[in-house]
Amino acid sequence: MTPRAWPCPLAVGTAEAHALTFDDFRRCRLLIVPALFDEANRMRRFTVEVMRRLDGAGIDCVLPDLPGTNESLQPLERQTPDLWREAMAAAAKHFRASHVLGIRGGALVTPPGLPTWHYAPVKGGSQLRTMLRARILSSREAGRSESQEDLLEQGLTHGIELAGHRLGPEFIRQFQALAPAEATVIDQDVLGGSGLWLRAEPGEDRAQADALAAILTIGIKS
Amino acid sequence: MNTDTDSLLRKILTDVLGLKPGQADGFAADTGLFGSLPELDSMAVAGLLTEIEDRLDIVIDDDEVDGELLESFGSLLAFAEAKRASA
């Protein structure tokens, strides 16, 4: 497992970005677009566990940061789903990816043009609704009353902070209507356990990581 | 009518709380849920509500969410059954 830098396109210019890689110059090379926001934290270990298994099966993997997330120095509030998709397309090109996997909300910004799998994809509107609701619940505990409509309006006008993530108006506008593009969908049911993004804390599940890696290996090598 | 609401809800709680298969079968109406599980923060509760909406095909108004709703398995089940009946 090697951390690598890659040139990530921004709204203006490019900047060096971080990616986690298993790269042995092999023929099969999978770009993984990570889950988004709080789910990114809860799914990170599982994602890397799947990468370790794919590496063992002879498949190179790369897990780039989306601009404004993880180790990225870019401000999140200037990002949009379109910019994220362009960044992932640039990462696919830079790392010469042959295949793509989008995890949960990552499925919303997988780049076009390569054979693609979406693991447990989620619609932008659904993930946004959960984040708005979390904010409403925590505000209520603090004695403030907020509504989804008002928060959404505020987000579309001025941007909004949800679960610690500062999102700009254009991000909200694009994200609320976003659905995953065409891809081979891997439903949670076939992994034989419950989705780790549902848990309150980050977890791991060897059997599920085995199952997802096996499905991807068969798909990539066939 | 909505006889599967009970089993669907047990399955959702199994998934969200990371329970072992079958563990939720032992939930009774007065089994405490979130009062006894302080690690569930607002994000986790929000995720649970979205999951309930998706799998039971209902819409939960934020005004309907209070401490009482999530106090016990019985209160959550009664709420979900009433929602499905009126859907």
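Colleague: What hand is the crossing of α3(A) and α4(A)?
Modeller: The two helices cross in a right-handed sense. Keep in mind that this is a predicted model.

Colleague: At what angle do the axes of those helices cross?
Modeller: Roughly 115 degrees, for helix α3 (residues 124–141) of chain A and helix α4 (residues 148–158) of chain A. Their axes come within 10 Å. α3(A) and α4(A) are therefore roughly perpendicular to each other.

Colleague: Which residues in α3(A) and α4(A) meet?
Modeller: From α3(A), A:Leu132, A:Arg135 and A:Ile136. They meet A:Gln148, A:Leu151 and A:Leu152 in α4(A). By class, the residues of this contact are four nonpolar, one polar and one charged.

Colleague: Switching to the sheet. What is the strand order?
Modeller: In chain A, β1-β2-β4-β3-β5-β6-β9, an open sheet of seven strands with mixed pairing.

Colleague: Which strands stand at the edges?
Modeller: β1 (2–9) and β9 (184–186) of chain A. Each has a single partner strand, so one side of each is left without a neighbour in the sheet.

Colleague: How many degrees are neighbouring strands turned against each other, on average?
Modeller: 30 degrees, direction ignored.

Colleague: How many bridges join β1(A) to β2?
Modeller: Eight, and β1(A) runs antiparallel to strand β2 (residues 14–22) of chain A. As for particular pairs, A:Trp6 has A:Ala17 as its bridge partner in β2(A), and A:Pro9 has A:Thr14.

Colleague: And the hairpin of β1(A) and β2(A), how many residues are between the strands?
Modeller: Four. In that hairpin A:Gly13 takes a positive phi, near 75 degrees.

Colleague: Which strands does helix α2 lie across?
Modeller: Helix α2 (residues 81–94) of chain A lies across β1, β2, β3 (29–33), β4 (60–64) and β5 (99–103) of chain A. Relative to β1(A), the helix runs at about 125 degrees.

Colleague: Back to helix pairs. At what angle do α1 and α6 of chain A pack?
Modeller: About 50 degrees, with the axes 9 Å apart. The helices are α1 (residues 38–56) and α6 (residues 206–221) of chain A. α1(A) and α6(A) are therefore oblique to each other. α1(A) passes α6(A) in a right-handed crossing.

Colleague: Which residues make the contact?
Modeller: On α1(A), A:Phe46, A:Glu49, A:Val50, A:Arg53 and A:Leu54. On α6(A), A:Ala209, A:Asp210, A:Leu212, A:Ala213, A:Leu216 and A:Thr217. The contact of α1(A) with α6(A) has seven nonpolar, one polar and three charged residues.

Colleague: How is chain A divided into domains?
Modeller: Domain 1 is 2–122 + 180–221, and domain 2 is 124–179. The centres of domain 1 and domain 2 of chain A, taken over C-alpha atoms, are separated by 24 Å.

Colleague: How many residues does the contact take from domain 1 and domain 2 of chain A?
Modeller: 14 residues from domain 1 and 16 residues from domain 2. The side of domain 1 of chain A that touches domain 2 has seven nonpolar, three polar and four charged residues.

Colleague: Last topic, chain A against chain B. How many residues does the contact take from chain A and chain B?
Modeller: 19 residues from chain A and 18 residues from chain B.

Colleague: Where does the largest share of the chain A side come from?
Modeller: From α3(A), which gives eight residues to the side that touches chain B. By class, that side of chain A divides into six nonpolar, eight polar and five charged residues.

Conventions: Residues are numbered from 1 along each chain as its sequence is written. Chains are lettered from A and ligands numbered from 1 in the order in which they are written. This is a predicted model: local features need pLDDT of at least 70, side-chain atom pairs count only at pLDDT 80 or more; totals for chains, interfaces and linings use all residues. Axes are lines fitted to C-alpha atoms, for helices over the stretch in contact, and angles run from 0 to 180 degrees between N-to-C directions. Angles under 35 degrees count as roughly parallel, over 145 as roughly antiparallel, 65 to 115 as roughly perpendicular and the rest as oblique. A crossing is left-handed if the near helix is turned anticlockwise from the far one by less than a right angle, and right-handed if clockwise. Two residues are in contact if their C-beta atoms, placed from the backbone, lie within 7 Å. Ala, Val, Leu, Ile, Met, Phe, Trp, Tyr, Cys and Pro count as nonpolar, Asp, Glu, Lys and Arg as charged, and the others, Gly among them, as polar. Two strands pair if DSSP finds at least two bridges between them. Domain bounds come from an automatic or database domain assignment.
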